[in-house]
Amino acid sequence: MSPFSSSMEDPGISLRPSIHYRPINPDDLDRLEQIHRDIFPIKYESEFFQCVVNGVGIVSWAAVDRSRPDGHSDELIGFVTAKFVLAKESEIDDLICYDSSKGEETLIYILTLGVVETYRNHGIAMSLISEVIKYASGLSMCRGVYLHVIAHNNPAICLYKRLMFRCVRRLNGFYLIKRQHFDAFLFVYFINGSRSPCSPLEVAMFVVNYMKSGIKSAASKLAKKEEKGLKWLICKDTDCVLPTQTKPNHGSSSGYEFI
């Protein structure tokens with residue numbers, strides 16, 4: 001991923017930035033397109049940006065630094081975009097606890113998240129995601145916020161874990177970027193009583209840990225009996241287990257973040 005270009009007009013960050021959050025609007029179009037070009041590895045269609053700035057099927061939040069001088073106090077320095085998805089048509093419908101008496105239930109899927117390089121490590125990405133969670137939690141029919149993240153984006157993964165998102169799946173070869181496949185993790189933040197009593201990941205982790213415990217116990221007993229010539233293989237635990245797999249993402253406008 002390319003960092004935010006230093007050649008762009010950027011008066012810099014003050015020692016005490018005054019960060020405010022607001023919806024993205026049509027005046028942000030050029031800036032939004034430029035930041036996406038600079039920090040994401042794929043090209044986004046103009047239709048996507050038009051939908052974002054006009055709020056057509058997409059909800060969004062912009063981060064601006066009111067302390068910036070020379071007319072830049074309302075210029076985007078970060079953003080998050082998201083869309084509504086019917087819970088029953090989503091790829092995590094098996095993890096949602098439904099209440100049919102309440103009508104059509106929805107989820108919010110995070111499309112893109114980005115912060116200009118000079119403003120990173122100031123908690124802006126966390127605040128943007130928190131805005132999404134706050135908004136979704138206020139919708140009685142919304143059951144969760146979810147997203148995909150490329151498997152090697154450790155800063156983003158750490159961010160979602162800190163925000164109490166749950167990693168429920170690992171998807172092999174989910175992204176196709178510049179003719180190369182990359183795995184993705186699927187993270188979910190359950191809200192409004194939708195948390196599944198036991199997700200596939202939790203079942204898998206329980207089985208792994210149970211088997212590991214059983215193997216260690218058996219190995220200990222064998223060692224005490226001084227039996228020779230018997231070897232045991234113990235698989236390492238991983239942060240995310242692979243209970244299912246979905247179709248690969250071949251460069252769509254969803255599931256990228258750069259924080």
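Visitor: Leaving aside its neighbours within four places in sequence, which residues is His36 in contact with?

Guide: In this predicted model, His36 touches Tyr44, Phe48, Phe49, Phe79 and Thr112, once neighbours within four places in sequence are set aside.

Visitor: Is His36 buried or exposed?

Guide: His36 is buried, because its relative accessible area is 1%, and the cut-off for buried is under 20%.

Visitor: And what lies 2.9 Å from a polar atom of its side chain, that of His36?

Guide: That is the backbone oxygen of Leu32.

Visitor: Which helix is His36 found in?

Guide: His36 belongs to helix H1, which covers residues 29-39.

Visitor: How many of the residues of H1 are buried?

Guide: The count is 8 of the 11 residues, so H1 is largely enclosed by the rest of the structure. The buried residues in H1 are Leu29, Arg31, Leu32, Glu33, Ile35, His36, Asp38 and Ile39.

Visitor: Let us step back to the whole chain. How many helices and strands does the protein chain come to?

Guide: The protein chain has 5 helices and 8 strands. Read from the N terminus, the order of elements is β-α-α-β-β-β-α-β-α-β-β-α-β.

Visitor: What share of the residues counts as buried?

Guide: Of 259 residues in the protein chain, 44% are buried. The chain exposes about 13900 Å², and 53% of that area comes from carbon and sulfur atoms.

Visitor: And what part of the contacts with a separation of 6 or more comes from residues 24 or more positions apart?

Guide: Such residue pairs account for 74% of those contacts in the protein chain.

Visitor: Now the strands. Why is strand S5 largely enclosed by the rest of the structure?

Guide: Strand S5, residues 142-150, is largely enclosed because 9 of its 9 residues are buried.

Visitor: How many bridges join S5 to S4, and do the two run parallel or antiparallel?

Guide: S4, residues 106-115, is joined to S5 by 3 bridges, and the two strands run parallel. Within that pairing, Ile108 stands opposite Val145 in S5.

Visitor: Which helix makes a β-α-β unit with S4 and S5?

Guide: Helix H3, residues 124-137, does so, and the β-α-β unit that S4, H3 and S5 make is right-handed.

Visitor: What about S7: how many bridges join it to S5, and is the run parallel or antiparallel?

Guide: S5 and S7, the latter spanning residues 180-190, share 7 bridges and run antiparallel. Gly144 has Phe190 in S7 as its bridge partner.

Visitor: Which residues does Asn192 touch, not counting those up to four places away in sequence?

Guide: Asn192 touches Ala136, Ser137, Leu139, Ser140, Cys142 and Arg143. Two backbone oxygens lie beside polar atoms of the Asn192 side chain: that of Leu139 at 2.9 Å and that of Cys142 at 2.7 Å.

Visitor: Where does Asn192 lie?

Guide: Asn192 is in the loop between S7 and helix H5, which covers 200-224. With a relative accessibility of 32%, Asn192 counts as partly exposed. Its C-alpha atom is separated by 7.7 Å from that of Gly144, although Asn192 and Gly144 are 48 residues apart along the chain.

Visitor: A backbone point, then. What is the phi of Asn121?

Guide: The phi of Asn121 is positive, at about 70 degrees, although Asn121 is not a glycine. Asn121 is located in the loop between S4 and H3, and its relative accessibility of 81% makes it count as exposed.

Visitor: And Met164, what is its phi near?

Guide: Met164 has a positive phi near 70 degrees, and it too is a residue other than glycine. Met164 sits in the loop between helix H4 (154-162) and strand S6 (166-177). Its relative accessibility is 63%, so Met164 counts as exposed.

Visitor: What pLDDT does the protein chain average?

Guide: The average pLDDT is 77, and 67% of the residues score at least 70.

Visitor: Where does pLDDT stay under 50?

Guide: One such stretch is residues 1-11, for which the model has 29 contacts beyond four places in sequence. Residues 221-248 also have a pLDDT below 50, and the model gives that stretch 43 contacts beyond near neighbours in sequence.

How values were computed:
Residues numbered from 1 in each chain as written. Predicted model: local features only at pLDDT ≥ 70, side-chain atom pairs only at ≥ 80, totals over all residues. Heavy atoms only, no water. Helix = DSSP H or I, 4+ residues; strand = E, 2+ residues; numbered from the N terminus. Buried < 20%, exposed > 50% of the residue type's maximum accessible area, 1.4 Å probe, protein only. Polar contact = N/O pair within 3.5 Å; in protein donor to acceptor, adjacent residues only side chain to side chain. Contact = heavy atoms within 4.5 Å. Areas by Shrake-Rupley, 256 points an atom, 1.4 Å probe, with all protein chains shown as cover. Pairing = 2+ DSSP bridges. Right-handed = clockwise from strand over helix to strand, strands pointing away. pLDDT = per-residue confidence, 0-100.
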